[in-house]
Amino acid sequence: MQRFLLVFSILFSSLFFTQTRLNIIPYPQKVEFQNGDFNVNDQTAVKGVETSFEYQFFLNSLKQQYNFDLSKNKRSSGENVIFMTIDKKINDAVDYEITVDKKLISLKAKNNEGLFHGIQTLLQLIRNSKNGNIPAVKISDTSTFAWRGMHLDVCRHFFTVDEVKQYIDYLAMYKLNTFHWHLTDDQGWRIEIKKYPKLTQIGSKRKESMIGAYVDNTFDGKPYGPYFYTQEQIKEVVKYATERHITIVPEIEMPGHALAALSAYPELACTKGPFEPATKWGVFDDVFCPKDETFKFLENVLDEVITLFPSKYIHIGGDECPKTRWKECAHCQELIKKNNLKDEHGLQSYFIHRIEKYVNSKGRKIIGWDEILEGGLAPNAAVMSWTGIKGGVEAAKSGHFAVMTPGSYCYFDHYQGDPATEPNAFGGFTPLDKVYSYNPIPEELNQDEAKYILGVQANLWTEYILDFKQVQYMIFPRLLALSEVGWGTSDSKNYKEFEGRIINEFKTLDKMGVNYAKSIYNVSGKVISLNNGIAYELSSSQNPNGIRYTLDGTDPTVNSLSYQNPLPVSKSLTIKSAYFENGQLKSAISSQNFTISKTTGKKIILEEQPSENYSFGGAFTLVDGIIGNPKQLGKTWLGFQGKDVVATIDFGQKTSFSEVYFNTLDNKGSWIHFAKFAQIFISDNGTDFKMIKEIGKDEILSANGKIRLNVGNQNSKYIKIKIENAGIIPAGNPGADSKAWLFVDEIGAN
């Protein structure tokens, strides 16, 4: 591992060469090493089209990095020259080629986009060199996926033009090519529409904002806004991105997530209002009403959006649209009958079809979140698959393009390290290695169907991201993993090697002043099964000999116990751990409490599997000795959407117990509801079960989800617990008519 922490170029000299991997992210498709090196210095000449943006970008980047100006060196032949050329004869399967020998560097590309990508690779080679000595090498490179995207929500929290440009710079550095700009939502309308000035006069501000964990339901009491981008600012950002070969895909949410717009123009709703931009996060019942004046409004908005953004696709949202108001609306019900629609889901499809027809008439296409599949997909629409991979699979199998962005791999508002040591986040647990392990091509697709997968994108929702420093923290270093996934050169078997390149890249991020997450240095803990019990396995990206731990709840020091092997846990205790280097604390201090019961570490089988987003550790999470924190839904809870929890635990032998416990959650803003009821069963053969206890919804509510059941004196080999999901969310609640979430943590018995 340590060899990957060395600066790349010291592995080379003109006298001796040892083959290794380049410190480049994303890694090129093909690398051939040669002998020798090329020295970039203040006498190096750069030959190319001097008026091109790419040429000037390269020179300006070198000036910023090394403080020398190569523009004065006009030599066009001989030694110590970097040639940058467009070569139309270059292989169509190649984006760019770089050849480095002792005398010169040649960068060839078939177009300016390829040239820009090659420049980013060349800049990384220079940044990671020692005194400008670049190893002799030949690189032939191209991307696997056409869509390599990052999303930014500017509605929950707003970011300035300069900050958005910085965001675009990060994408360009690592060869991402799509910026998905989420411009409208319940909490704010962020784009100037000249025909409808009240959108920004009213919709771009809110009276206060939710703060802290959602379950705390607390607010700051401070007006937020008005914040929005003028059309001139939009043009400025589009130009900036276009120069860097990044396409901006704007998102105008419809038919849901519309409160900010309805606040300005309440006549577009099914009810009279009044409305105001949302001050809390979540999903709200008031949505656009599918009447002619609404469609005219949206068409006029889209006219101005299409004029500002040259992108092929316009994102129209389409997600999380409650049907409550439509069910109660006479106009909507008449529209359903008139058009022979099956139900309100059919009305959603009608809405999307009508918008698509208009966007197509303007020479553009729509893309939307996978809920646009409801009631039937519009003819030319593309799908952004976020709830899992199912939407992308369904789209591809029906001949529609899809971008894969499943929450379990691609939501960067999730925790990336131990939630106990990380800033407040939305939930979930998506560490660097999980992002790197993602394959955007679902296994369910055959070779022809796979061609409809455009690529991959990560999303950054900003409910809990208050400023741009926190934006940086949440995307780095996960953006680097995404870039290699999108480029098509990631390989989860080589994750440790990639981790070494990540740590090397931290030097660049440090120089740039980027506030990146250092979770990679932290000690990670994993509960493993051990002799019908559990053990706690510690690991670090660094030398494992640097891990120190305690078992008494005190903070570890450099003199604490040195970690060697997994730590058996046979009683309730607290394990704290940290990584030390050269006698200094390098990581955060990780802490894990264990509550041991008679089910801990035992074999467990689930009849239904949890959602991918909340499945960390699988069924074993329910018997790993860890009680979940209700404010952190990352590692210690399993989440089931629309499914019951039916878990069977095998004690291994007949075991006596008199109490059964588990926790469940209620967080209606996130569609999480207490269970309807729970039942406890026992069996001696694993087949014939007898119910010994039942608890209803009222009892679960009165216990606030912290269930402790006295089941009398029992003695059995198996215990089964059934916890029934609340089902369909009732009207008047966020996410009405959608499937409720059921969250469960440890199932214990004493």
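Colleague: Where is Asn-80?
Modeller: This is a predicted model, in which local features need pLDDT of at least 70, side-chain atom pairs count only at pLDDT 80 or more, and totals for chains, interfaces and linings use all residues. Residues are numbered from 1 along each chain as its sequence is written, and side-chain values use heavy atoms, with hydrogens and water left out. Helices (H or I, at least four residues) and strands (E, at least two) are DSSP runs, numbered from the N terminus. Asn-80 sits in the loop between α1 and β3 (81–86).

Colleague: Is Asn-80 buried or exposed?
Modeller: Buried means under 20% relative accessible area, exposed means over 50%, and partly exposed lies in between (1.4 Å probe, protein chains only). Asn-80 has 18% relative accessibility, so Asn-80 counts as buried.

Colleague: What is the phi of Asn-80?
Modeller: Most residues other than glycine have a negative phi. Asn-80 is not a glycine, yet its phi is positive, near 60 degrees.

Colleague: Which residue does a cis peptide bond join to Phe-476?
Modeller: Omega of this bond is about 10 degrees. The partner is Pro-477.

Colleague: How many residues of α16 are buried?
Modeller: Helix α16 is mostly covered. Its buried residues include Arg-478, Glu-484 and Trp-487. Gly-488 follows α16, with a positive phi near 95 degrees. The count of buried residues in α16 is 10 of 10.

Colleague: How are α16 and α17 placed relative to each other?
Modeller: Axes are lines fitted to C-alpha atoms, for helices over the stretch in contact, and angles run from 0 to 180 degrees between N-to-C directions. The axes of α16 (residues 478–487) and α17 (residues 495–512) come within 11 Å and cross at roughly 130 degrees. Angles under 35 degrees count as roughly parallel, over 145 as roughly antiparallel, 65 to 115 as roughly perpendicular and the rest as oblique. The two helices, α16 and α17, are therefore oblique.

Colleague: Is the crossing of α16 and α17 left-handed or right-handed?
Modeller: A crossing is left-handed if the near helix is turned anticlockwise from the far one by less than a right angle, and right-handed if clockwise. Where α16 passes α17, the crossing is right-handed.

Colleague: At what angle do α1 and α2 pack?
Modeller: Helix α1 covers residues 53–66 and helix α2 covers residues 112–127, with axes 10 Å apart. They are roughly parallel to each other, and α1 passes α2 in a right-handed crossing. The packing angle is about 15 degrees.

Colleague: How far apart are the axes of α3 and α15?
Modeller: Helix α3 (residues 161–173) packs on α15 at about 15 degrees. The two are therefore roughly parallel, and their crossing is right-handed. Their axes are apart by 11 Å.

Colleague: How many aromatic pairs are there?
Modeller: Rings of Phe, Tyr and Trp (its six-membered ring) pair if their centres lie within 6.5 Å; planes under 30 degrees apart count as stacked, over 60 as edge-to-face and the rest as tilted. The count of aromatic pairs is 39.

Colleague: What kind of pair do Phe-295 and Phe-351 make?
Modeller: Their ring centres are 4.9 Å apart and their planes stand at 50 degrees, so the pair is tilted. It links Phe-295 in α7 (residues 292–308) with Phe-351 in α10 (residues 344–361), 56 residues apart. Both Phe-295 and Phe-351 are buried. The kind of pair is tilted.

Colleague: Which residue lies over the face of Tyr-224?
Modeller: Tyr-224 belongs to a cluster linked by ring pairs, among them Phe-158, Trp-181 and Phe-309. A charge sits over a ring if NZ of Lys or CZ of Arg is within 6 Å of the ring centre and within 35 degrees of the ring normal. Over Tyr-224, at 4.3 Å from the ring centre, lies Arg-206.

Colleague: How many disulfides are there?
Modeller: A disulfide is a pair of cysteine sulfur atoms within 2.5 Å. The sulfur of Cys-270 is 3.2 Å from that of Cys-289, its closest, so this is too far for a bond. The sulfur of buried Cys-155 is 16 Å from the closest, in Cys-321, also too far. The disulfide count is 0.
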